[in-house]
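Colleague: Before I use this model, I would like to know what stands behind the labels. Please take me through them.

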Amino acid sequence: MTKPKPAAATAAPASPARQRLIETGHLAVLAVFAVALPLFELVRQDPTFFVARRSQRIDVHALAWGLVLGLPLALMLVELVVGLVSAKARRVTHVAFVALLVALVFLPQLRRMTGVESLWVVGAALAVGLVASLLYARSTELRFFLTILSPVPIVFALMFLWDEGVRRATSTGGGNVVVSNDEVADTTVVFLIVDELPVASLLDEEHRIDPVMFPNFAALAEDSTWYRNATAVHESTTLVIPAILSGLAPTDTTKLPIPGDHPDNLFTLLGGSHRMRVRETVTRVCPPELLDHVEPTDPFGDRMTSLGADLGLGYCHLALPTALTADLPSVSGNWAGFWDAVDGPGSAPPPAADHADDHDAASGEVARETPAEVQARMLSGTHEDRVSIFRDFNGWVDSETDPTFYFLHILLPHHPWVSLPSARRYFGGERQLGVVKSVWTDEWLTMQGFQRHMLQTGAVDRLLGEFVAELKQQGVYDDCMLVLVADHGMCFRTGEHRRQASELTVRDILHVPLFIKRPGQTEGRISDRNVDALDVLPTIADELGITPSWALDGRVLPDDELPERPTKTLHVFDADPIVVDGSPPESYTTLDYKHALFGANPTWDDVWAMTPLPALASLVGRPLDELELGEPTGARATVDGPQYYADFDPTAEIVPSFVLGKVADPIGAPPPEHLAVAVNGTVRAVTRSFDRSVGEASFSAMVRDDAFVPGYNAIEILAVGDDGVLLPLSVVTQTLTTVDGGEAIRSSDGRVRLVAPGNSYGVLDLAKRYQNDLRLYGWARHPKGELPVDRILVFVDDTCVMTGVVDIERGTSGITGFLIDVPYDLLDGRPSGRVRVFAEVGDEAHEVRYTRPTHWLREVHYSLDESGTLVNSDGVSFRMRPLRVRGWLDSVVDLDEQIRVRGWAALEKTFEPADTIVVLADGQHVYAGPPNFERADLVEPFGAEAIRDSGYVFDVRRSWFPESLEHRIRVFAISGEHAAELEYGTEAGWAVPVSQEPAVR
């Protein structure tokens, strides 16, 4: 009798290719649970993530299939490469990938279950992954189970792509032009929506628009109907604006601000008869096919790079403990751009145009940009450059008689507060002092926040005046219908949320300005009827003689013939709407607060002179020689940006009106509570210190911009004694010097802080061009534990130009973040290096390490030694290896004030971008910077995606070149310890004519 063979012996072994396919399926199953599903859920919770970044359907498909298929295929490719060396090593690599993915599946769960945010939870997750991988390697049943689940990633990807919110967020159209044939409108409509402006900020004691502080709002009220009892309908901008534009109450908070969710809106209503000149900021309600200009779209590669970087950072915060994410940027407070890449030194955007002064030399007329040009520049600008956006919108107004719909939603006077009534910007105001998680926490900083809000509202008034003047100049104002409304207000109460309405703060958020000027209207009217923002669309439609095809929740104004509405309703998130009485309030908390701070009928002088205590107001504006001064105290003061006051340019766009600094007592005595800030011998502000600790405190004060004189400005900080006597503090400056062979920071008061060698206790995550500043963002930790570092010092060359505090929550005890904006004026226009950042800790200083190439932050000069080897000023030599690094110098172009150097450089074998590009002119160092330009044209010829980021375009100032330049420009690429000179395709060899631009290779 023949003995049967074991079942295992009778089964045919899988072919190697089939086995690799099965194992790839296993990785795909684990990867979808470890990575794809958390990210799918992250963006499904708020599809506005896709709306705000203008993502397209192809982007979402690439994301979905890249996560569920691309990731496991990439892991399997690594295994196959390892398998070329050893089959056993490939199997070990596969099991290691299984362990890692299982650990990532369990890591977030363990964090939630245990509440542990240290590296211990990572170790526990890895232990779980290790055990699971051993079971996987030994258990046929477990591997078979994963094989059965192999189709699951495809199912999850399809579910994500079919998700209603995701599909709606990436839809490009959806609007229907609703204009009846017999209702063609021929009236131009101008519609402005300002942001975060309570009407009480504009009022005087008689509840009228204050003509002294806000003359342009008052002038608009004289020509229009001002609905003094107008109110918002929701506390969220992304719900308010679609409600205003559709005339429908925002009862469905799942709707996105896109045409597909709001197909019936003011844009579609006027789309058949009006030119559309539209600037939406955070919404996309206007169907793009209605615009008379083309909105620019980033290339697919750029969109996916940004999307991948932001989601990668979001995943890190989602999955990893804060011990590993403390040095990463936050993902809160925005929908995009979390992980900002450092701009290349030569990639700074052109300065914003000042259209009022941009004259054509030949005609003497103002040069006007087309709407498409302005839109492209506006969308490529920073989110916070709002004054320029408003002024750019003026350029869209023309004298064409065709009916036009001009629409602008501007994030003003919305925080951050960085503008003055002159519309000039001040540095240091990007973060909201005194606010923790949007709740006001400090009484004085709440007062100062309202002061800064008022100043920025003054800027809005100025911009409104400029815009109305442009409408009048183009002949549009008289015959147009003009609407101005705010989306919601804001609360200024210590202990309260600044934007989320409650029964206590609802009136602060609810009441907003609403002005409607009908065509030909020249006399103002005030209506106290109970109206809200939903009444705007029906009123416009009625004036234009158009009947909307959908039922509206608002009324046509004026509604004097209709019964008065008895109540007002404010819709809020995650709660029932708040309902209040519809009558005009007898008083406004915000207005009462305004009068308490500035007086009954304040002027801008009163706003500037605001003090913590009324008894101190008499100090502001008085010369020091008229006041009683006591003996100098032992306390010291430091002021951010001292060099900015030392050489003030009155024509500069940025002014140092926000004086920030710290006060400290060397013996640890309590720091002064009240401080006076004097400029050029006159007291210009009185403030109260905050973040007070033993011996140290911070301070901030607003100083009027006309207090500064050209050139040097003396800044003095004085303590205000209980008897009103001013006690001078020594204002300390710091320089970088050498002590006993090592570096040290020497203060003007004689203190010396040695720069500790070795490990750093901080990371500079970001050094990026931000408007006219170099923005420095990072974190610092005290070397001895959970104490905060004293402060951050920023040096240019040997001089401290800015100081800052660490006051941004980074999620881990003892690690606190900082954000410092260094005006480019302090860098002499050359931000390619020379900047060093230190964390001051007692009598020591620790240099903050950098996650980017150090030449961004410390100037390193390059040259050639006698043997032709490239060396730098740190004494490092780079081996000249042409076969290690390759590249091309495409062109050197004379641009008058600048010389543009363009090309690419990458590693020979991997095609990864070179680390640094060095430009020498006649043997002298001119420029050094990392690759900063995408070269998609190189991917196909070289067959390598990695080479895409190898391009460079440097616009180098002519003044940096030797005066005797003989047009001998040589370019080198550095990678690690190796360097190579880049080729140039002309017979002139390395004698490069500056005026010649050869064909790009």
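Modeller: The expected span of a helix is 1.5 Å times one less than its number of residues. Helices (H or I, at least four residues) and strands (E, at least two) are DSSP runs, numbered from the N terminus. This is a predicted model, in which local features need pLDDT of at least 70, side-chain atom pairs count only at pLDDT 80 or more, and totals for chains, interfaces and linings use all residues. Residues are numbered from 1 along each chain as its sequence is written, and side-chain values use heavy atoms, with hydrogens and water left out.

Colleague: How do you know that the span of helix H4 agrees with its number of residues?

Modeller: H4 covers residues 57–83, so its 27 residues should span 39 Å. Its end C-alpha atoms are 37 Å apart, which agrees.

Colleague: Where does H4 bend?

Modeller: At glycine 66, by about 50°; that is the angle between axes fitted to the seven residues ending there and the seven starting there.

Colleague: Why is cysteine 800 called buried?

Modeller: Buried means under 20% relative accessible area, exposed over 50%, partly exposed in between (1.4 Å probe, protein chains only). Cysteine 800 has 3%, so it is buried. Cysteine 286, at 8%, is therefore buried too.

Colleague: What makes E30 and E31 a pair?

Modeller: Two strands pair if DSSP finds at least two bridges between them. Five bridges join E30 (residues 791–796) to E31, and the two run antiparallel.
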